[in-house]
Amino acid sequence: MRSTLLLVQTIIVTILVLAATGLGDGYDPTTLVFPPYGHTMGYHKATSFHLRLLLGSTVRFRNPQGVAVVRLRSTDDPVDHHDDDEVSVYAVNSDAHQIVHNRSLTDVDIFGRFGRGEGEFWSPRGIAANADGDVYVADTENHRIVYLHDDGEGLSFAKTIGKFGAAPGEFDRPRGVALDARGTIYVTDTGNHRVQVFSSEGDFVRSIGDPRGGRGRVEHPDGIAVYDGRDQWSFYEDRSLYVVDQHGERIQQFSLDGRLIAAVKMSDIGVTDADIAYLAVDYYGNLYATDMSNHRIHKFDRSLRYIISYGRYGTGDKEFDSPRGIGIWKRFGQVFIVEREGAQYYWVGVDASIRGIFPRTFGIEHSGTTLSLYLTEACEVNVSISDENKNVVRRLVPELWRELGEHEIVWDGLDDARRPVPPGVYRLNVTVEPTYSSKGYFKKELTATVVKVEETEDLSSRG
């Protein structure tokens with residue numbers, strides 16, 4: 001892809017440092033995967049040293065927070081599809097009171113400074129952007145939302161929304177901001193324990209969150225994300241709002257008009273001392289939540305069912321140090337994550353595991369077995385059966401698209417000619433491939449064995 005050099009040049013917001021460490025202990029999760037060498041020249045991670053090397057000593061990561069990723073219409077050549085992955089990324093450098101972003105897709109630019117005036121911030125946190133160049137920043141300690149515009153050449157100040165207070169349209173330390181497909185603005189008004197909704201013009205529409213403390217109340221809301229089926233790069237027609245609250249210990253799902261749909265406490269999925277900071281959704285509506293205290297990413301499906309956690313503490317590959325903002329370009333599954341003093345770049349991949357095979361030994365009268373397969377992402381699944389000589393006797397699932405979650409795949413003990421296979425040991429070969437840009441570059445392969453015995457054998461003795 002032509003974006004290779006562009007992404008390397010815009011290091012703070014894209015591709016970052018040459019992979020340096022191995023995975024000698026066998027740790028190699030694949031829910032997220034590294035882009036191929038031809039796409040990034042091996043660059044996918046940056047430390048503070050590499051950021052200073054490219055940005056100079058005057059610019060440093062100082063408590064990085066939110067990230068937003070878009071493909072700007074103003075920089076898109078509709079005839080040339082080779083540039084479709086050349087995204088604009090905006091990162092909040094909170095303690096420096098500024099926004100770091102790639103200008104004209106070839107250079108890094110800084111917008112903002114400390115203050116209360118136009119183009120100034122005080123400890124900003126969340127950020128959201130759309131293809132029209134609308135960029136919204138949760139200017140936390142100034143108790144307002146700052147609206148910026150990116151014309152493809154750089155950011156400029158447009159206006160502010162709100163002021164300190166508790167009335168509709170006023171804020172007390174807003175932290176998160178998100179947009180739907182029509183430009184409606186959703187803001188976590190942290191100190192006022194509510195989510196406020198504004199029109200694309202910045203007019204107050206409504207609040208979300210039961211102020212009486214009942215079902216649907218939000219408590220110290222923080223991170224926020226919207227999945228809108230009207231968006232071009234959304235697979236499902238769902239429309240949901242996801243909100244982090246209870247000091248990073250809970251995520252709630254609402255309809256866009258404020259009806260509570262689901263909620264999950266991190267303790268309910270076995271995660272203790274969680275500090276969920278930011279949220280992002282992918283093309284299939286799956287939700288990714290960064291956990292600063294546990295140094296990992298938690299993934300949920302679009303109904304808030306827990307799928308898997310990714311990452312661990314460290315400075316090596318697929319490791320994090322207090323991950324914060326996360327942004328996903330949904331079309332290609334490009335994932336950008338900032339951490340305490342650096343940033344990382346991934347593609348959405350897929351992980352898979354065989355949960356069980358029932359039974360592992362079968363005979364003629366009760367011929368066949370069932371494979372229980374768990375997938376962390378919608379993907380293409382291929383299952384074949386081979387004999388002890390590695391000859392494929394049955395192509396069971398030829399490139400069948402499957403949603404994430406658990407699936408049961410049945411083999412009836414027959415070969416491709418629909419004849420019973422003879423007694424022996426058979427290998428189940430499972431290959432899964434993602435549907436994003438990582439398809440063709442990455443696949444995961446799993447194997448397991450089953451045994452067919454003679455009808456007269458005692459199956460219980462074979463396990």
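**Salt bridges and ring pairs**

A search of the whole structure finds 29 salt bridges. The model is a predicted one.

Start with Asp28 and Lys318. Their side chains meet in a salt bridge, with N to O at 2.6 Å. Are the two partners buried or exposed? Asp28 has 39% relative accessibility, so Asp28 counts as partly exposed. Lys318 is buried, because its relative accessible area is 4% and the limit for buried is under 20%.

Lys318 also meets a ring. This residue lies over the face of Phe34, at 5.6 Å from the ring centre. Another charge over a ring is that of Arg312. Arg312 lies over the face of Tyr27, at 3.8 Å from the ring centre.

Next comes the bridge between Asp222 and Arg125. The closest N and O atoms are 3.4 Å apart. Asp222 lies in the loop between strand E16 (204-208) and strand E17 (224-228). Arg125 lies in the loop between strand E8 (120-121) and strand E9 (127-129). The pair therefore ties together parts that are 97 residues apart in sequence. Asp222 is buried at 9% relative accessibility. Arg125 is buried too, with a relative accessible area of 14%.

Strand E17 brings in another bridge. Arg239 forms a salt bridge with Asp228, and the closest N and O atoms are 3.1 Å apart. Arg239 belongs to strand E18 (residues 239-245) and Asp228 to strand E17, so the bridge ties together parts that are 11 residues apart in sequence. Arg239 is partly exposed, with a relative accessible area of 33%. Asp228 is buried, at 3%.

Salt bridges can also join into a network. Arg394, Arg395, Asp412, Asp416 and Arg418 are linked in this way.

Now turn to the rings. A pair of aromatic rings is described by the distance of the centres and the angle of the planes. The count comes to 22 aromatic pairs. Why is the pair of Tyr136 and Tyr147 stacked? The ring centres are 4.8 Å apart and the planes stand at 10°. Planes under 30 degrees apart count as stacked, so this pair is stacked. Tyr136 lies in strand E10 (residues 134-139) and Tyr147 in strand E11 (residues 144-150). The two are 11 residues apart, and the pair links distant parts of the chain. Tyr136 is buried, with a relative accessible area of 2%. Tyr147 counts as buried at 17% relative accessibility.

Phe362 and Trp411 form an edge-to-face pair. The distance is 5.7 Å centre to centre, with 90° between the planes. Phe362 lies in strand E29 (residues 361-362) and Trp411 in strand E33 (residues 405-411). The pair therefore ties together parts that are 49 residues apart in sequence. Both Phe362 and Trp411 are buried.

Rings can also gather into a cluster. Which residues do the ring pairs link here? They are Phe235, Tyr236, Tyr283, Tyr284, Trp401 and Tyr436.

Terms used: Residues numbered from 1 in each chain as written. Predicted model: local features only at pLDDT ≥ 70, side-chain atom pairs only at ≥ 80, totals over all residues. Heavy atoms only, no water. Phe/Tyr/Trp six-rings, centres within 6.5 Å; stacked < 30°, edge-to-face > 60°. Helix = DSSP H or I, 4+ residues; strand = E, 2+ residues; numbered from the N terminus. Buried < 20%, exposed > 50% of the residue type's maximum accessible area, 1.4 Å probe, protein only. Lys NZ or Arg CZ within 6 Å of the ring centre and 35° of its normal. Salt bridge = Lys/Arg side-chain N within 4 Å of Asp/Glu carboxyl O.
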